[in-house]
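Subject: Structure handover

Hi,

Here is the structure you asked for. My notes on it follow below.

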Amino acid sequence: MDTVSRHYDQLLARHYTWMLGGDLTALVAEQTRLLRDLGVEPRGPGETAVDLGCGPGNQTLALAALGYGTVFAVDTSKALLDELASHAEGNQAIRPVHADIRGVLPAIAEPASAAAIVCMGDTLTHLPRKADVTALLADCAAALAQDGRLVVTYRDLTRPLHGADRFVPVRSTPDQVLTCFLEYVDEETVMVHDVLHRRSGATWTQQVGSYPKLRIGADWLAGQCAAAGLTLERDETGPRGMRLLAAVKKGRPPIATDAGRRR
Ligand SMILES: C[S@@+](CC[C@H](N)C(=O)[O-])C[C@H]1O[C@@H](n2cnc3c(N)ncnc32)[C@H](O)[C@@H]1O
């Protein structure tokens, strides 16, 4: 098990939905609005969507609500896939896939078959190397159908925080506090230390877990998308302070013929 999977397994998965506010229904409604605003909606019956790093299903459930016939929900966390299943309530469109997002697309989607692929909520920065991002974008471009859409939301961690600013309060409720400490390792990596305090009666316990995140800049990611053959539609600061990138796989331009050139 790699460091990221172990961190979710040992600490984050069971508190993940709480960390985001605790109301998955509200999160799904928010993601449904966002995806619709980005034009991510099926154009016909039976279209396929893929959610890379689905977590408890914020986007998977949104994509199903938008009407996709099949929604592959990929994650390495069994606990979060189980949480998604409990919310999916037997929805036949939702297909959980317990797998790494690296290399999964050719295994689940025929080339040029997916109408939408999303990788949202900062999943992309969980990949070990920037080369993995490049490879994933190439897989997305191959799996997307013509006019298919890719949506990525992620935190741009390229600008380092200093001193006390590196302690980021995430959420606190009467019995639980989550703080994140960021340690800038090198140009490519930030070590994220999640510090969780939980109260039982009059006693507080502390649990700390750490995992690396990639420092992905907006310009770099836009360039990688273009190199993969995807056309950028949106590249901006989106909800919850995350970067939002939306791209489309345009059809090939018509081949110029001699007759066409003479006109
Ligand atoms: C920050 S959460 C995002 C979850 C959800 N998309 C959201 O918006 O809240 C990242 C998710 O990606 C999963 N993950 C991280 N690295 C992964 C990998 N290499 N392959 C598959 N899943 C991965 C984690 O288990 C976690 O559920």
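β2 (70-75) and strand β3 (residues 94-98) run parallel, joined by five bridges. Two strands pair if DSSP finds at least two bridges between them. Across this pair, Val74 stands opposite Val97.

Before going on, two points on the model. It is predicted: local features need pLDDT of at least 70, side-chain atom pairs count only at pLDDT 80 or more, and totals for chains, interfaces and linings use all residues. Residues are numbered from 1 along each chain as its sequence is written.

Now β4. Strand β4 covers residues 114-119, and six of its six residues are buried. A buried residue has 20 or more other C-beta atoms within 10 Å of its own, an exposed one 12 or fewer, and a partly exposed one falls in between; C-beta atoms are placed from the backbone. β4 pairs with strand β1 (residues 48-52) in the parallel sense, over four bridges. There, Asp51 has Val118 as its bridge partner. β4 also pairs with strand β5 (residues 144-154), again parallel, over five bridges. Here Cys119 partners Val152.

The largest nonpolar core has 60 residues. Such a core is a set of buried Ala, Val, Leu, Ile, Met, Phe, Trp, Tyr and Cys residues joined through C-beta atoms within 7 Å. Val50, Ala114, Ala116, Ile117 and Cys140 have the most contacts inside it. Leaving out residues up to four places away in sequence, Cys140 touches Leu105, Ile117, Leu150 and Ala228. Contact means C-beta atoms, placed from the backbone, within 7 Å.

Next, α4 (58-66). Seven of its nine residues are buried, so α4 is largely enclosed by the rest of the structure. Among the buried ones are Asn58, Leu61 and Ala64. The buried residues of α4 pack against α3 (24-37), β1, β2, α5, β3 and β4. Just after α4, Gly67 takes a positive phi of about 110°.

What surrounds the ligand? The shell has 21 residues. Gly53, Gly55, Ser77, Gly121 and His126 come nearest. The shell divides into eight nonpolar, nine polar and four charged residues. Ala, Val, Leu, Ile, Met, Phe, Trp, Tyr, Cys and Pro count as nonpolar, Asp, Glu, Lys and Arg as charged, and the others, Gly among them, as polar. α1 (3-12), α4 and β2 each supply at least two shell residues.

Finally, a hairpin. Strands β10 (residues 231-237) and β11 (residues 243-248) pair in the antiparallel sense over six bridges. Thr237 stands opposite Arg243. Five residues lie between the two strands, and Arg240 in the turn has a positive phi of about 60°. Arg243 is also touched by Ala218, as are Asp156 and Asp235, not counting residues up to four places away in sequence. Ala218 sits in helix α8 (residues 218-227). Ala218 is partly exposed, with 16 other C-beta atoms within 10 Å.

Best wishes

Definitions and conventions:
A residue is near a molecule or strand if its C-beta atom, placed from the backbone, lies within 6 Å of it. Two residues are in contact if their C-beta atoms, placed from the backbone, lie within 7 Å.
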